Amino acid sequence: MMPRLPHGSFWRLAVIGLLLSQAPAFLGSAALAQHVTAPAPTGPVRTDEPLPGGRPPSPPVQADSDRANAIREANRTAAEYNQAAHEAADTGGMPQLDFANPLTIAQVVWLFVIFGLLVFLAAHYLLPPVAEVLENRRARIGADLDAARDARAEAEAAEAGQRDSTARARAEAQASVAAAAAAAQADAARRNEALAEKLNAQIAEAETRISAARDSAMAALREAATDATQALVKRLSGLEDKAAVEAAVGRELAARNITSGAA
Amino acid sequence: MAAEGKTIDALSQFELVPVLGPIGRAVGFSQSNAHMLLAVGLITLLFMVGMRHRAVVPGRLQSAAEMLYEFVEGVLIGQVGHEGRRYFPFVFALFMFVLFGNMLGLLPYAFTYTSHIAVTLGLAILVFLVTTIVALAIHGKKFFGYFFPEGAPLWLAPIIIPVEVVSYISRPISLSIRLFANMVAGHVMLKVFATFIVLIGSLGAVGFLGAALPLAVNVALIGFEILVAFLQAYVFAILTSIYLHDAVHLH
């Protein structure tokens with residue numbers, strides 16, 4: 001699988017590649033420039049040539065000892081130069097690639113020691129507290145969330161209970177109102193009935209009384225009529241025929257459609 | 001130190017020098033290793049001091065420590081899954097070691113140990129060995145099936161297997177050269193432009209004006225290098241995670 005790289009790396013790597021490919025020319029010359037400022041002499045210096053290192057050429061007339069000293073010194077300078085050039089060739093370029101330097105490899109050995117120390121410290125001392133704190137926080141937040149969820153459920157249950165009890169109370173109230181109304185209605189109906197009964201009884205009684213009074217009045221009328229007729233007949237004719245008078249009165253009363261209860 | 005004898009010397013900053021006197025010379029302890037120790041010390045200090053309260057509501061240092069922890073955890077778990085938790089200390093140490101190496105190297109007078117190919121190659125080979133050993137430990141002989149994908153026609157084996165083997169073996173090389181080259185290029189550019197500042201600045205009044213340009217470039221480069229320092233540590237960590245994913249899941 002190809003590793004996914006951030007896009008920025010690509011052009012950067014390209015720049016670095018370019019730089020590294022130019023390194024021997026660009027950087028190498030820069031590093032060498034410190035060491036090499038004069039053309040390299042090769043081999044022992046011949047006495048009849050100008051000396052390196054900017055020394056003035058020997059005057060034409062010279063003592064033998066002076067010449068010998070000059071040659072020795074020139075040879076020494078050349079040896080020093082050769083050594084310096086050799087060192088420059090060794091260390092020339094990047095110090096990172098100077099594997100002749102024992103420190104280059106030694107730092108890797110130390111790297112493993114120090115990095116191993118870091119892994120050990122991280123595994124045993126640095127990371128467990130962070131894990132613990134994060135775990136605690138997660139647990140605490142979770143517990144708080146649970147508590148909040150519980151409280152919400154509780155509140156919802158309470159609300160539902162309240163709604164239920166309100167509905168129940170309303171239903172009860174309506175029922176009792178209806179019952180009271182029904183009771184009142186029944187009461188009123190019973191009272192009406194009783195009153196009507198009583199009134200009917202009174203009416204019936206009164207009617208009985210009226211009819212009795214009428215009957216008695218009718219009976220009294222017949223008697224009075226009979227008496228008056230008898231008295232009239234006696235006075236007029238001196239006759240005293242009670243039965244005939246009664247019959248006549250009865251006939252007359254029947255003719256006039258007056259009946260007597262008593263008769 | 002920037003301009004010795006009026007020449008651009010961009011490479012002497014990478015030279016290894018023994019420290020701690022004769023003892024350091026004897027055991028080959030260079031300033032590079034001293035900076036590694038410094039990085040480990042700073043990482044330890046950040047986590048020890050940052051996490052000393054273990055507060056539920058973190059302070060600044062604790063936030064930084066937790067952020068780094070969760071960042072690397074996200075990278076690793078995102079690639080490998082929860083089986084990858086065992087390798088978390090390793091990946092975390094890699095990320096922090098590279099990050100602190102890159103960042104410390106940007107400070108004046110500091111040495112950038114991640115600019116040494118030997119160091120980055122050492123880390124990359126460590127990653128290579130760890131992932132290969134993990135793969136062998138989990139899958140045994142089946143690990144070698146990784147080099148020949150299932151379902152590929154058999155007659156392609158002579159082509160596919162060498163290609164897969166080469167790509168597998170080139171992992172530590174690409175991993176190490178990417179980090180090394182990024183750090184070297186950045187520091188060389190910084191040093192080159194810093195040398196320009198000195199060279200142009202030595203020309204007098206006109207030079208001071210002229211030196212402002214490379215100075216501005218260097219200011220921008222420093223910002224860019226901070227980005228690169230973080231990015232390369234991230235790339236190192238995520239590539240390690242990808243290799244671990246391959247080692248754990250074989251695909």
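The model is predicted: local features need pLDDT of at least 70, side-chain atom pairs count only at pLDDT 80 or more, and totals for chains, interfaces and linings use all residues. Residues are numbered from 1 along each chain as its sequence is written, and chains are lettered from A in the order in which they are written.

**Chain contact**
- The contact takes 49 residues from chain A and 49 residues from chain B (C-beta atoms, placed from the backbone, within 7 Å).
- On the chain B side, α2(B) gives the most, with 8 residues (helices are DSSP runs of H or I, at least four residues, numbered from the N terminus).
- By class, that side has 31 nonpolar, 11 polar and 7 charged residues (Ala, Val, Leu, Ile, Met, Phe, Trp, Tyr, Cys and Pro count as nonpolar, Asp, Glu, Lys and Arg as charged, the others as polar).

**Nonpolar core**
- The largest nonpolar core has 80 residues (buried Ala, Val, Leu, Ile, Met, Phe, Trp, Tyr and Cys joined through C-beta atoms within 7 Å; buried means 20 or more other C-beta atoms within 10 Å).
- B:Val91 and B:Phe236 are among the residues that touch the most other members.
- α7(B) supplies the largest share of this core, 14 residues.
- Beyond four places in sequence, B:Val91 is in contact with residues including B:Val72, B:Leu76 and B:Ala237.

**Helix α3(A)**
- The 136 residues of α3(A) should span 202 Å at 1.5 Å a residue, and the end C-alpha atoms are 194 Å apart, which agrees (expected span: 1.5 Å times one less than the number of residues).
- α3(A) bends by about 50 degrees at A:Ala122 (the angle between axes fitted to the seven residues ending there and the seven starting there).
- A:Gly238 follows α3(A), with a positive phi near 75 degrees.

Terms used
Two residues are in contact if their C-beta atoms, placed from the backbone, lie within 7 Å. Helices (H or I, at least four residues) and strands (E, at least two) are DSSP runs, numbered from the N terminus. A residue is buried if 20 or more other C-beta atoms lie within 10 Å of its own, exposed if 12 or fewer, and partly exposed in between; C-beta atoms are placed from the backbone.
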